[in-house]
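Hi,

Here is the structure I promised to pass on to you.

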Amino acid sequence: MDKERYELHVVAEGGAEECSDLGINYPLYINCYHEALGAILKNIDLMEEGYSREQIRQKNRNKNRFLLRSDISDINCSEFANIIAFIGTRGSGKTTAINEFCDILSRYGKEEEKWGKRLSYNKKHGKQYRFWIMPPIDASVLEAKEDLIELIWANMFQVFEAEFKEKSGMSNYEELSKKIMKEFNEVYKNYNNVGHSEKREVLGESVLVKLKNVSSSLKTREAFEKLIKNFLDMLDGKDEYGYYRGNDGDSFLVITVDDLDLNLEKGYEMLEQMHKYLFNRRIIVLIAVDYGHLHLLSEKYFMESLMPKIPSGAYNGQKAYEEFGNIVRKAKKLNDDYLLKVLPLSNRIYLSGGNIISKQIRISELDGKEETVKAFILKKIVDKTLIYYDACGKKKHFCLPGTIRELISYNQFLNSLYSMEEIEEGKGRDGYNPMYRYDQNHDRFNYDITDRMASQVLNEEQLDVFKLIVQRNIERRAEYAVNFLRYYKGSKFEYELLKDSVDEVEYRYGDLLGEIYDIGREDYYDKVLSHCILASFTSEMVREYYSYCNRRSDSDEGDKSGGAGNREDARQRAKMRLANFLGSTFGGEWFEEGMPKAILRSDKNKMPLTIGYFGKSNEEQISIEREFPLDINSQKGVKKLIGDLTSYVPYLECISLLFSNLRNSSGKVDILKWNFKVKSGITVKGSGSKIIMISEVEKMDFDLLGFVGREIKDAPNMKETFLNSLCDSIYECIEELLSSESKQHNKQYKKQQLEEWEKLVKEEANAKSIWKAEDKGNENMVYLPFYNLDMTYNVMKRVRNRTKEDSGVELSDIAKYFQRVYSYIAEELGKEDEAYINMGIPEQRRPKLLEKFYCCPFIKAFGCSDVKGSLDVSVLNDFILQIVKSTNTSIDMEEQDIEE
């Protein structure tokens, strides 16, 4: 499809206008092409001085005698080398660069007005150059019996045959064609003689044979020069008399050889062949090599050539070691001199090495728009999988390819997946299930992570750990991941300590974040393991979330995930997997470690209190006390009391969302219930009386981030059950007060009146509940995308880094600090949103992370920097303060002091 076609090209940052002026505004590696074309045209200028190869060498030998002569330049023979090397590491785009550069050369004459003159170093001759491109040769796949030069001539002959057939009816080409065929025959015959002689033992040859071979070598080069002239004349359209049907010009044959350095057996021999037989002013040889590999191949040749000169057994011990060192030094010197002659520095075109996918590289779309590689890849991943990777990281993201070759390959892979438009095109149509295609995409995407990504970047031990994780059932995989990673430290996997059981482990989402964070902190090279874990979990759980939002049942057409006897709702299974991935709570000790401590200024002899995450293990029930006057002697007084008590409903709803791992003497408890109690000793007319809110559970964990994911983790009726429980407790408290008053004053309340007050309690409580503001149209919404591990991990890592910089928190400001932490999260989510908006993601595909976060009833009620809270901060602070002080263990500091 046209919309999937892109032109990959590099624009130096800040240099787009300059590149446009050069006219090379479409290909890859503009600067490299400029340098390569400059080297070609410079060599053409030098060659047009008319010096032969031997004359150049003679001038080089006698250059000192010519320094005072004004009519002859001091020209080094190496400047005339016609081999131009595109040098880069594996995957740096050498092959692509050569192919596109050949395309430039093939258009050179046609587009000279556009950019050729701009780059031409030969303006004085006023010639229109033409470059004829031969089919490229991949040297890495040539077998031992195949000869590079013969293959080049074979390619030329195929071109000749095609031209001959096209122009066979033109009589004026008959003579020229005969010449060319005769020269092909002469070149091959002479070369074949040399080739056969080189395969015989040199010591067994006679002097005459040697002289004959030397003569054949010279004749081969001379014959080849004649062949090149006539061959190019034929391509130019010149007849046998040298007349050209068109403008006068000069043409060159371009021969390309790729991956020369990968042919370990014949790489050096082929380089020497090209230097020996293809040196011609009208031939340009383009090679693509990794210079390090080529240097080793060439050095190996010289080492092997020098080593036989040491008689076997002639040296031993120190003398042999010294002699070997001398040979190594000589071989290196010869190698450096040889490569400098064959590939002079001016003919070496260096492509970007290492990680070339940087912010300076742009991808140009058909409409002319340009974007970074990161934006290009992230957008495409969104379009295929709805995975929103972290877009704000300053370091290279693990999903980005490292080389041009990887970029092209990964782009082709992503193009092979269904787009979200194709996935959803039949949504709503009877019998169509979008999950079928979506699952296909994710299956292939997951295989790419486990097979391609992991195998490329992980060492053997890291791969063992990764496989142990991904092979576990998805429903408990996160728990196992935490368990395994705890026994993998510093590139060492302690198998003997490994526990392949998680039954007794209380898994929390924050545990997974913490273990991923720790990977690479002890050993930088372990970071790749964290990348693979992030990639795998992100893909798997994003699919589960999409399934939760879109999947119907196993009986739907196209959905084969369950057997005939299994009719469990697939959506509920996805929800269960998401809940298991979240664990008992979102935060944990890892996030707590980055939180400042809360300090009570009036009690300096106590240790600061932890506020981010802590566990309550004592058996005392949490209690919250509030003082207010009680007056229920009138109908108005009862209604006021109902209003006062129900005003605490949203506070208790919010506070309860921060508790997890609820336990009492009977075991785990699903819901935190609060009982409203009248404190003993108060009277109905007394002022300053207290109502105590006491939790029914004895052990629990407090988590500042415990509200995250509760919309998935809690049972569907949890909110209703919690609210009903509060209403019942509030009414029972009021009923207790009314009963006490009726006994004192012999006053009876009518049943109808009691029922009206009970109804009023429920109405007031429901009206004040934080869940009343929940958007019923977004029942599938998850307010913070914990299922997207990569995004959430990076957001929370940055939030944690910010909280670590905060100083101690006054207990009187503890609620405000909670709000600040939530505002940190909001800011980081907003940055991610902005990054995706800047990429040009369509409105319907944008992540809208901040918008969803602000939709969270907890955040709306609690309040953060951009959301007006519905709760009184002072009351909220009092609630939290009482909880923190009653659940933290305060230790006498003795000699320690906390400064003001």
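**Two loop residues**

Asp259 sits in the loop that runs between strand E5 (249-258) and helix H10 (267-277). Helices (H or I, at least four residues) and strands (E, at least two) are DSSP runs, numbered from the N terminus. Please keep in mind that this is a predicted model, in which local features need pLDDT of at least 70 and side-chain atom pairs count only at pLDDT 80 or more, while totals for chains, interfaces and linings use all residues. Residues are numbered from 1 along each chain as its sequence is written, and side-chain values use heavy atoms, with hydrogens and water left out.

Asp259 counts as buried because its relative accessibility is 8%; buried means under 20% relative accessible area, exposed means over 50%, and partly exposed is in between (1.4 Å probe, protein chains only).

Leu386 is in the loop between helix H13 (373-385) and helix H14 (404-415). The phi of Leu386 is near 60°, again positive in a residue other than glycine. With a relative accessible area of 19%, Leu386 is buried.

Does the length of H11 agree or disagree with what its residues should span? The 16 residues of helix H11 (residues 291-306) should span 22 Å at 1.5 Å a residue, and the end C-alpha atoms are 22 Å apart, so the two agree. The expected span here is 1.5 Å times one less than the number of residues in the helix.

The buried residues of H11 include His295, Ser298, Glu299 and Phe302.

Those names come up again with Asn335, which has its place in helix H12 (residues 317-342). Asn335 touches His295, Ser298, Glu299 and Phe302, leaving out residues up to four places away in sequence; contact means heavy atoms within 4.5 Å. The side chains of Asn335 and His295 are also joined by a polar contact of 3.2 Å. A polar contact is a pair of N or O atoms within 3.5 Å; within protein, one must be able to donate a hydrogen and the other to accept it, and residues adjacent in sequence count only if both atoms are side-chain atoms. Asn335 is buried, as its relative accessible area is 0%.

Asn230 belongs to helix H9 (residues 207-236). At 10% relative accessibility, Asn230 is counted as buried. Not counting residues up to four places away in sequence, Asn230 touches Leu176, Lys179, Ile180 and Glu183.

Ser623 is in strand E14 (residues 623-627), and a relative accessibility of 29% makes Ser623 partly exposed. Setting aside neighbours within four places in sequence, Ser623 is in contact with Ile692, Met693, Ile694 and Gln882. The C-alpha atoms of Ser623 and Ile883 are 7.5 Å apart, although 260 residues separate the two along the chain.

**Cysteines**

How many disulfides does the structure hold? The count is zero, where a disulfide is a pair of cysteine sulfur atoms within 2.5 Å. Cys102 is buried at 8% relative accessibility, and Cys399 is buried with a relative accessible area of 8%.

**Pocket and cavities**

On a 1 Å grid over the protein atoms alone, a cavity is a set of points where a 1.4 Å probe fits but cannot get out, and a pocket is an open set with protein on both sides within 12 Å along at least five of seven lines; lining residues have an atom within 4 Å of a point. Grid points are joined across faces, edges and corners, and a volume is the space filled by probe spheres set on the points.

The largest pocket has a volume of about 1200 Å³. Its lining has 41 residues, with Lys395, Lys396, His397, Phe398 and His531 nearest the centre. H16 gives the largest share of that lining, seven residues.

There are six cavities of 30 Å³ or more, and the largest cavity holds about 150 Å³ of space.

Best wishes
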